[in-house]
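Dear colleague,

Here is the structure for your files. My notes on it follow below.

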Amino acid sequence: AEAQAAPRTEFENGIRAALWGSRRNLEANLTAAIPGDQKSTARALSQARLGIVDELNQPSGPESQLGPYFGFIGPAVDPADPRLSQPLYVTTLERFATCPWQTFLERVLRLETLPDPVDILPGLEPFAIGQLVHRVLEQLVAQGFDQNPSSLEEARSQDAQSAPWPIEEELKRTVNRQADLVARDQGIVWDGYSAILGAVVMPFLEQARELIWGSPEGGRPVGVEMDCGVAVGQGEGVETLRFKADRVDSIAGRLMITDYKTNRHGVSSSKTKKTRDRHLLAEIGKGRLLQAAAYARAAGHPEDSGRYVFLRPDFTGTQESRIVSLQNSDVEIQHAFETAVSTLLGSWHGGTFFPRLVEPGRDSEPGACQYCAVAEACLRGDSGTRGRLRDWSEADREHTLTEQALLETWSLGSKRGSTS
């Protein structure tokens, strides 16, 4: 005779109710499904879980409210909180502007991407390519230094060093040596990986040779891979944002601080400088390109400058637009920088780490969501949740301070933000 299936356990019935049943059915099964060692608190646990279900299933509409899963983690009060115990870098603030929730998961909680069980062979990830390019360019400059300056003030007073571009054989040796180190740091021991990685970065390095070493106004280096800070805010609200300067040059007493970009096509594909400058200002206003403005103001001289140098071989813009430079004396740029940083810091310190599920005035999720490494821990992909955020933001109502911080950060640099 055919064997009869054993009766389902209470736990299995609870799982079935959670996956396919109604809320009423779930409530009836949940308490019984709590494991035996937690029976004394079973009712409280079941009510807590039902509360989570209710929160996540709230409908969108004019009366939408935002709950804790929209990133309201509160201000930092514990000295062990990473927001208090660790320095805040400009690049972290840029990521925060793109998506506060992703930044919370990756930079505050330090969550990592779930490993792909099918991903057996290592790939040439953009991170590894960028690491190798930066390491090689650092070595080419650092070999001329007896000691790297400890501050931008010290760099200004230091004699510029000669850093000639190496001959081909020497460059290859440097690339191969650094490629081995990058592969080791990534835990990759496959034969031939570092050689392939080294070959891939050679076109990036050729761009650096042409754009920096081959430029008559490029100056000469006085520092490399310097950990620096820039003061932001006023009065008692002044704090220091940290940044890593890839290269610092001295030009007639003025400092030019460079950031190498290997994983971005540029600020703008426009052929005219006026339009490119307008696009740059917009990106700074959104808080997503803050580094060069921070570099320019860090050492305090009006003529100091910060710049991006875009090294991707398949760059889509003009050769001229590969270098984007701005000066500390540019009032419009610095105003956009200060406004963006002030808004972002208000949300950062207040604990408003919302998921950017939708852009203001739109009903589709941002393109960055498609490449998020921690998407499994996010509300993305749920049209109802996206609708709640959209409808809540458009409703005419009073907001708490944390809700106002969310709105200001979310609409930073947009038409809505510029008119509020």
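Which residues are buried in H10? They are Tyr 193, Ser 194, Leu 197, Gly 198, Val 201, Phe 204, Leu 205, Gln 207, Ala 208, Leu 211, Ile 212 and Trp 213. Buried means under 20% relative accessible area, exposed over 50%, and partly exposed in between, with a 1.4 Å probe and protein chains only.

Two notes on the source. This is a predicted model, in which local features need pLDDT of at least 70 and side-chain atom pairs count only at pLDDT 80 or more, while totals for chains, interfaces and linings use all residues. Residues are numbered from 1 along each chain as its sequence is written, and side-chain values use heavy atoms, with hydrogens and water left out.

Overall

The protein has 16 helices and five strands; helices (H or I, at least four residues) and strands (E, at least two) are DSSP runs, numbered from the N terminus. Of its 420 residues, 42% count as buried. The C-alpha trace spans about 85 × 60 × 45 Å along its principal axes. Among contacts (heavy atoms within 4.5 Å) between residues at least 6 apart in sequence, 69% join residues at least 24 apart.

H10 covers residues 193-213, and its 21 residues should span 30 Å at 1.5 Å a residue; the end C-alpha atoms are 29 Å apart, which agrees. The expected span is 1.5 Å times one less than the number of residues. H10 bends by about 35° at Met 202, and Pro 203 follows within four residues. The bend is the angle between axes fitted to the seven residues ending at a residue and the seven starting there.

The buried residues of H10 pack against helices H7 (126-142) and H9 (168-185), and against strands S2 (239-251), S3 (254-261), S4 (305-310) and S5 (323-327).

Two packed helices are described by the angle between their axes and the distance between the axes. Here axes are lines fitted to C-alpha atoms, for helices over the stretch in contact, and angles run from 0 to 180 degrees between N-to-C directions. Angles under 35 degrees count as roughly parallel, over 145 as roughly antiparallel, 65 to 115 as roughly perpendicular and the rest as oblique.

The axes of H9 and H10 come within 9 Å and cross at roughly 125°. H9 and H10 are therefore oblique to each other. On the H9 side, the contact is made by Leu 171, Val 175, Ala 179, Asp 180, Val 182 and Ala 183. On the H10 side, Tyr 193, Ser 194, Leu 197, Gly 198, Val 201, Met 202 and Leu 205 take part.

H7 and H10 pack at about 55°, with their axes 9 Å apart. That makes H7 oblique to H10. The residues of H7 that meet H10 include Ile 129, Leu 132, Val 136 and Leu 140; among those they meet in H10 are Val 200, Phe 204, Ala 208 and Trp 213.

H11 (residues 273-285) has 13 residues and reaches 18 Å from its first C-alpha to its last, close to the 18 Å expected at 1.5 Å a residue. Its buried residues are Thr 275, Arg 276, Leu 280, Glu 283, Ile 284 and Gly 285. They pack against S4, S5 and helix H13 (331-350). H11 and H13 pack at an angle of about 20°, with their axes 8 Å apart. That makes H11 roughly parallel to H13. Leu 280, Leu 281, Ile 284 and Gly 285 in H11 meet Glu 332, Ile 333, Ala 336, Phe 337 and Ala 340 in H13. Gly 287, with a positive phi near 85°, follows H11.

In H12 (residues 291-298), seven of the eight residues are buried, so H12 is largely enclosed by the rest of the structure. Those buried are Gln 291, Ala 292, Ala 293, Ala 294, Tyr 295, Ala 296 and Ala 298. H12 is followed by Gly 300, which has a positive phi near 95°.

Single residues

Arg 110 is not a glycine, yet has a positive phi of about 60°; it lies in the loop between helix H6 (100-108) and H7. Glu 225, in strand S1 (residues 220-232), is not a glycine either and has a positive phi of about 45°.

Pro 82 lies in helix H4 (residues 82-85) and is partly exposed, with a relative accessible area of 22%. Pro 82 and Arg 107 are 25 residues apart in sequence and 8.6 Å apart in space, C-alpha to C-alpha.

Regards
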